[in-house]
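Have the viewer open and follow along.

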Amino acid sequence: MKWLRAQLFSNWWSTLATLAILWLAWKALPPFVEWAFVDAVWRAADPRECRAPGAGACWAFIWEKHRFILFGTYPYGQHWRPAAATVLLISLWVFSSFRYSWKWWLPALWAAGLALIAVLMWGGTLGLPYVENERWGGLILTLLLASAGIAFAFPLSILLALGRRSGLPVVRAACAGYIELIRGVPLISVLFMASVMLPLFLPAGVTIDKLLRAQLALVLFAAAYLAEVVRGGLQAMPRHQEETADALGFSWWGKMRLVILPQALRLSIPPLVNTFIGFFKDTSLVLIIGLFDLLSTIKVSLQDPAWSGFGAEAYLFACLVYFAFCYAMSAYSRRLERGGAPRLLAQS
Amino acid sequence: MTRRARGLLVQAALAAALLLGLGYLAWNTAQNLEARKIASGFAYLWREAGFEIGETGFFAYNAADSYLRALAIGLSNTLRVAAIGVVLATALGTLLGLARLGPNLLLSKLAGAYVEVLRNIPLLVQLFFWYVLISENLPAPAAALNPLPGVFLSNRGIFFPLPGDAPVLSGFNFTGGGALSPEFAALLTGLVTYTAAFIAEIVRAGVLSVPRGQVEAARSLGLGRGDTLRRVVLPQALRLIVPPLTSQYLNLTKNSSLAVAIGYPDLVSIANTAMNQTGQAIEGVASIMAVFLTISLSISAFMGWYNRRVALRGLAR
């Protein structure tokens, strides 16, 4: 009782706020629960069941469209391939989150994993029919854009960050100019650049398909933001580390590779995870240039006239999926900030 | 080779590579433009745009006006939603940040949950959600919700009274008073609620950075809770709050470009229409980038000036 009083009714304002919240919850929660659960239509053979008077949320819509939402226009009989690729990719991420896996072989494992995913998705060998990447879509596309984006942007960002701190004025100006340019403009303008300007940049006869163009834009965009995070890690390094390395006669590359970067990158892991969450959310923008990512397949599902009008359900579902991924990552990042990654095996 | 000579060589090589690369792209582009018979240059800005714009703010515009005027209307729409959004997001974010630190457990948990949920969902998803909520799930004007006297929520937009001018239902829609289109209302709601979650965290970190002794000293001098916050904590916290806050303002402005996805005629969506009509993609993207870069650079210049002003003497860097 005393605890409750201290927490909720310590003064007039606090009491007022508590009462207001309770009143709002009393007014809003029961109708919401009724709509979302009690009266909801979970499975329906016919959309008319959802339109019956008194029907709540139409989750049957999600069930009806779940294959398209998850896999886009990938050939129906081959859906196990993107499904397997999705599981593989998520497992790779989960595995990489354990400190135990932060070894020299992790990049090699990723290369192998991504190669396997490429075989699964494209096919054309091992008896798998070829599927051109115009037909890829849904969750795997979102995950691939984010994963491959980071995989290529990260090395580029290290170079940019080193360049921005370099003693050579031309190198420094080029890197700083690039980083500030990209960070100063919205992602959508970089995506427009890739989707409408890039074809003009290429020599006649050379074309890059839409997916790769979007991927390129995402890599260029992410690299600028990651570079600033890496630069933060570099700046946090005590000066004597560099001076000691110089005194020991390391070359510039040797000094960076063996002394500075291993320590600086470790320092920047928590902000790197946060940048990655932002980047994962940003991949949803490819919808605007017409790629079939998860958000796009959900939006397109709504265009089926038989099932139109269930936008609230569809986007709540989208919120739920994105939230699950981002929340897992931000919980992980908080854990890193508190004291290191979870260990896979108990180590001394 | 000496270190200095090697440095010069590396720089010369980089400069040459960049120039050659850019030159190659420019040459390709010129060839492609010629082959596809696409005009170049900004002369198109003075030609007739030929499309209508849904909302033009305070300015007059019709389809016979030039592309330049259409783009200017787009820019004014961007600035309008960004300016209102910045004010509202700051207010909501500050309240949320303080609520999280306040003595009321229910309120602080609720504010924490708000921040956690909103930050972890892409803004674009939230914009679509608000947009269908307003345009599909609100009733038609005839049955509009009326939460406050004179304020009407309907699927045709949000209507509110102005001094001496209240909205009235006439025919199928409201006339008079102030009105927000569904697109503007969805964009503004999405930008404000999303950015407020980030601002709340910034405010919280700023307030927490003020040493406890400051609060205790203020309280023992007889200042009340409100005065302590207003006169002692916030002025000190602001020094830490302002730099990340300005970058949130910048993010909000850049994020307003997502308007193109829900059909609010901001600069990006007008430039997009213009690009589709004229095929002059380079000029279109370049003008979007130039405008946003100008905004970014002026905001960072302002931030630098402000930082120097609030910096403690002796700590100024």
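## Helix 7 of chain A

Let's start inside. Of the 26 residues of helix 7 of chain A, 19 are buried, so the rest of the structure largely encloses this helix. Keep in mind that this is a predicted model.

Helix 7 of chain A covers residues 139-164, and at 1.5 Å a residue it should span 38 Å; its end C-alpha atoms sit 36 Å apart, which agrees. There is a bend, though: about 30 degrees at A:A153, with a proline, A:P155, following within four residues.

## Chain B as a whole

Chain B has ten helices and five strands. Its radius of gyration is 25 Å, while the globule rule gives 20 Å for 317 residues, so chain B is more spread out than a compact globule.

Buried residues account for 37% of the 317 residues in chain B. Take the contacts in chain B with a separation of 6 or more: 58% of them link residues 24 or more positions apart.

## Where the chains meet

The contact between the chains draws 43 residues from chain A and 47 residues from chain B. On the chain A side, the elements giving two or more residues include helix 2 (12-38), helix 8 (169-184), helix 14 (294-301) and helix 15 (311-339). Helix 15 of chain A gives the largest share of that side, at ten residues. By type, the side of chain A that touches chain B splits into 31 nonpolar, ten polar and two charged residues.

## The nonpolar core

Which residues touch the most other members of the largest nonpolar core? They are A:L191, B:L124, B:L127 and B:L187, in a core of 158 residues. Helix 5 of chain B (residues 182-208) supplies the largest share of this core, 16 residues.

B:L124 is worth a click. Leaving aside residues up to four places away in sequence, B:L124 touches A:S284, A:L285, A:L287 and A:L295 in chain A, plus B:L258 and B:A261 in chain B.

## A closer look at A:S296

A:S296 is part of helix 14 of chain A. Is A:S296 buried or exposed? It has 21 C-beta neighbours inside 10 Å, so it counts as buried; the cut-off for that is 20 or more.

Not counting residues up to four places away in sequence, A:S296 touches A:L287 and A:L291. A:V286 lies ten residues from A:S296 in sequence, and the two are 8.4 Å apart, C-alpha to C-alpha.

Notes: Residues numbered from 1 in each chain as written. Chains lettered and ligands numbered in written order. Predicted model: local features only at pLDDT ≥ 70, side-chain atom pairs only at ≥ 80, totals over all residues. Rg over C-alpha atoms; globule rule 2.2 N^0.38 Å. Buried ≥ 20, exposed ≤ 12 C-beta atoms within 10 Å, placed from the backbone. Contact = placed C-beta atoms within 7 Å. Expected span 1.5 Å × (residues − 1). Bend = angle between axes of the 7 residues up to and from the residue. Nonpolar A, V, L, I, M, F, W, Y, C, P; charged D, E, K, R; others polar. Core = buried A, V, L, I, M, F, W, Y, C linked by C-beta atoms within 7 Å.
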